[in-house]
Amino acid sequence: MARKKIIAGNWKMNMTPTEAKALCETLKPLVDNPDVDVVYCVPAIDLVPVSEAIQGTNVNLGAENMYFEEKGAFTGEISPAMLADVGVKYVVLGHSERRGYFGETSEDVNKKILKALEYGIVPIMCCGESLEQREQGVTMDFIRQQVKVGYMGVTADQAKGTVIAYEPIWAIGTGRTASNEQAEEVCKAIRETIAEIYDSDTAEAIRIQYGGSMNAKNCKELLAMPDIDGGLIGGASLKPDFGVIVNYNK
Ligand code: PGA
């Protein structure tokens, strides 16, 4: 069965609640495509206003992070129950900015994935190599390791419903997109890794996004690659361009 494409915006630390509502209004007529799952992954403070602003549309609510404990003395953190309560369907976990600036390890990401699944929230697990790793030729080993640790203890049935985003760090926010072939090569290797951990059914079902300077111009070719099932979009998700990406097949 063909995998449905999933186009997710990662707003990062942008958009006040007021701006978030306005952006939802701007994008509303532009992001209607029944062939695609559309997600806005937004800052925690925007979750409630955005959930209201997307009522009655095809857009799904996503968060950008989550803690792996249920509740308690974890000042500043957001729990999975809090996300589920406001209608969050997806959560970005292990983005390279979280790993790089906030010291998140693959073990942390693994705990978060398991907890999100417990609450029925679909994890979008990010992985990706640095420029140095690419130049040293260790990209595949590094990504395989991130995927294997991230998915420890996740069952095949659970894994089938999850999303992995391949985001080379050197392509994020730089305007330097991976070539179609580079992106496909790694997304394919991720699928092979999932087949190794589980089986070919699981590998065929899981959705793998590319992220890193995807935009209105380059999206069509990237999304035509056989192992690229969608995009995780930063900069271009804050503009009407996002509608062009969602409608890449029109
Ligand atoms: P970008 O960000 O599209 O601005 O490169 C992608 C991401 O970090 O998810």
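Biologist: How many nonpolar, polar and charged residues are in the lining of the second largest pocket?
Modeller: This is a predicted model. In it, the lining of the second largest pocket has 5 nonpolar, 10 polar and 4 charged residues.

Biologist: Which residues lie nearest the centre of that second largest pocket?
Modeller: Ser-213, Met-214, Gly-234, Gly-235 and Ala-236.

Biologist: Where does the ligand sit?
Modeller: In that second largest pocket.

Biologist: OK, the ligand then. How many residues surround it, and which are the closest?
Modeller: There are 13 residues around the ligand. The closest are Lys-12, His-95, Glu-167, Gly-173 and Ser-213.

Biologist: How does that shell split by class?
Modeller: The shell around the ligand has 4 nonpolar, 7 polar and 2 charged residues.

Biologist: What does the side chain of Glu-167 do with the ligand's oxygen, in distance terms?
Modeller: An N or O atom in the Glu-167 side chain is 2.6 Å from an oxygen atom of the ligand.

Biologist: Which backbone atoms lie by a ligand oxygen?
Modeller: Ser-213 has a backbone N or O atom 2.7 Å from a ligand oxygen. For Gly-235, a backbone N or O atom lies 2.9 Å from an oxygen of the ligand.

Biologist: How much of the ligand's accessible area does the protein cover?
Modeller: The protein covers 95%. On its own, the ligand has 280 Å² of accessible area.

Biologist: Switching topic. What volume does the largest pocket have?
Modeller: The largest pocket has a volume of about 530 Å³.

Biologist: Which residues lie nearest its centre?
Modeller: In the largest pocket, those are Lys-12, Glu-64, Asn-65, Arg-98 and Phe-102. They are part of a lining of 21 residues. Lys-12 is also among the residues closest to the ligand.

Biologist: Which element gives the largest share of that lining?
Modeller: Helix 4, residues 96-102, with 4 residues.

Biologist: And the classes there?
Modeller: The lining of the largest pocket has 12 nonpolar, 4 polar and 5 charged residues.

Biologist: Last topic, cavities. How many of 30 Å³ or more does the structure hold?
Modeller: The structure holds 1. The volume of the largest cavity is about 40 Å³.

Biologist: Which residues line the largest cavity?
Modeller: Cys-24, Lys-28, Val-31, Tyr-40, Ala-53, Ile-54, Thr-57 and Val-59. By class, that lining divides into 6 nonpolar, 1 polar and 1 charged.

Note on methods
Residues numbered from 1 in each chain as written. Predicted model: local features only at pLDDT ≥ 70, side-chain atom pairs only at ≥ 80, totals over all residues. Heavy atoms only, no water. Near = heavy atom within 4 Å. Polar contact = N/O pair within 3.5 Å; in protein donor to acceptor, adjacent residues only side chain to side chain. Areas by Shrake-Rupley, 256 points an atom, 1.4 Å probe, with all protein chains shown as cover. 1 Å grid on protein atoms, 1.4 Å probe; cavity = no way out; pocket = protein on both sides within 12 Å on 5 of 7 lines; lining within 4 Å. Sits in = over half its atoms within 2 Å of the grid points. Nonpolar A, V, L, I, M, F, W, Y, C, P; charged D, E, K, R; others polar. Points joined across faces, edges and corners; volume = space filled by probe spheres on them. Helix = DSSP H or I, 4+ residues; strand = E, 2+ residues; numbered from the N terminus.
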